[in-house]
Amino acid sequence: MLFCKNQKTIVKEIAFNGIGLHTGVNCDIKLLPAEANTGIVFKRTDIAKNNTISADFKFISESRLCTTLENYNNNVKIYTVEHLLAAIKGNDIDNIIIECNAEEIPVLDGSAMIFDQLIKKAGILKQGEANKKYLLIKKEVTVKKGISEIILSPSDNFNLECNILFPYPIGEQVLKLDGPIIDFYKDILDARTFCFYEDIEKMKKSGLAKGGNLDNAIVIKDKKILNKDGLRSENEFVKHKVLDLIGDLALCGFNIIGDIKAKCPGHEINKLIMKKIFSDYSNYEIVQEKPKKLINNIESNSLAISI
């Protein structure tokens, strides 16, 4: 037997600001409640016209070191959307307006933790007039790029397995998580972005990492962690890769029902799996109902206020 579930938004406005990881520019952000079926929408308040971009994988214009969305009508861009999107999906939110007065979402501490705290403080509201929409995976979908691979297969849940491989001190790390997202998100939300010291100069020559520092990223040099307080967890690296994956997959526009196995994921292959899913109607079905097992799991962990 299948059960429906309501869409959600936030209860009240949230305002904050911070520096962009790659641009180094300060950005003021407002998260606003949105009506049912609005989805997630970015709005550049520093631009007068054609200033909105839907959180949709079709608008990804760049996936090098971060995910960038672009309004192709006038080249308006939003950089580094993945951590905020992970916090939005981790809190099971469907509809929200994100206003920003610069081109990059603030990095804050390099994870989704502060975004999460702000969202929970504002509160989450059930929208009783509208059911959630789910992306039901109907057959196995695979993408490969270099050493990276993502396999998405049919399931009655959203289970995720991620494997990464980097030079020491990261090495090989594996993380297996049983869904739905709201169940395991709490275990990955504080995992920070990371890089090797020798790559910083390359990034800066490319015009990136202008706002990066030890307060918003883990930096590894000579096989050592440079951050004063070390890691937040032993497997923080693979947790952050999962956090990025969750944030990027929010650009599907639906809540996924399917199992994911990701090997060495990154923003580029995360984009490719979404393109592959929607390239063939036989890969998926959009539904407004899902298995009772999954509904009960989410409802028991939800902070939503009924209306």
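How many aromatic pairs does the structure hold? I looked this up in what is a predicted model, and I noted that the structure holds 8 aromatic pairs.

**Entry on F57 and F278.** I took the rings of F57 and F278, whose centres lie 5.2 Å apart with their planes at 15°, and I wrote the pair down as stacked because planes under 30 degrees apart count as such. I then followed the chain and found that this pair links distant parts of it, since F57 sits in the loop between β6 (52-54) and β7 (60-62) and F278 in the loop between α6 and β22 (284-287), 221 residues apart. F57 counts as buried at 12% relative accessibility, whereas F278, at 22%, counts as partly exposed. I also noted that F57, F278, Y281 and Y284 form one aromatic cluster.

**Entry on F158 and F184.** I found another stacked pair in F158 and F184, with 6.3 Å from centre to centre and 20° between the planes. This pair also links distant parts of the chain, with F158 in the loop between β14 (148-153) and β15 (160-166) and F184 in helix α3 (residues 181-184), 26 residues apart. I recorded F158 as buried at 4% relative accessibility, and F184 as buried at 2%.

**Entry on N270.** I turned to helix α6 (residues 267-277), where N270 lies, and saw that N270 is buried, with a relative accessible area of 1%. Its side chain is joined to that of D248 by a polar contact of 2.8 Å.

Conventions. Residues numbered from 1 in each chain as written. Predicted model: local features only at pLDDT ≥ 70, side-chain atom pairs only at ≥ 80, totals over all residues. Heavy atoms only, no water. Helix = DSSP H or I, 4+ residues; strand = E, 2+ residues; numbered from the N terminus. Buried < 20%, exposed > 50% of the residue type's maximum accessible area, 1.4 Å probe, protein only. Polar contact = N/O pair within 3.5 Å; in protein donor to acceptor, adjacent residues only side chain to side chain. Phe/Tyr/Trp six-rings, centres within 6.5 Å; stacked < 30°, edge-to-face > 60°.
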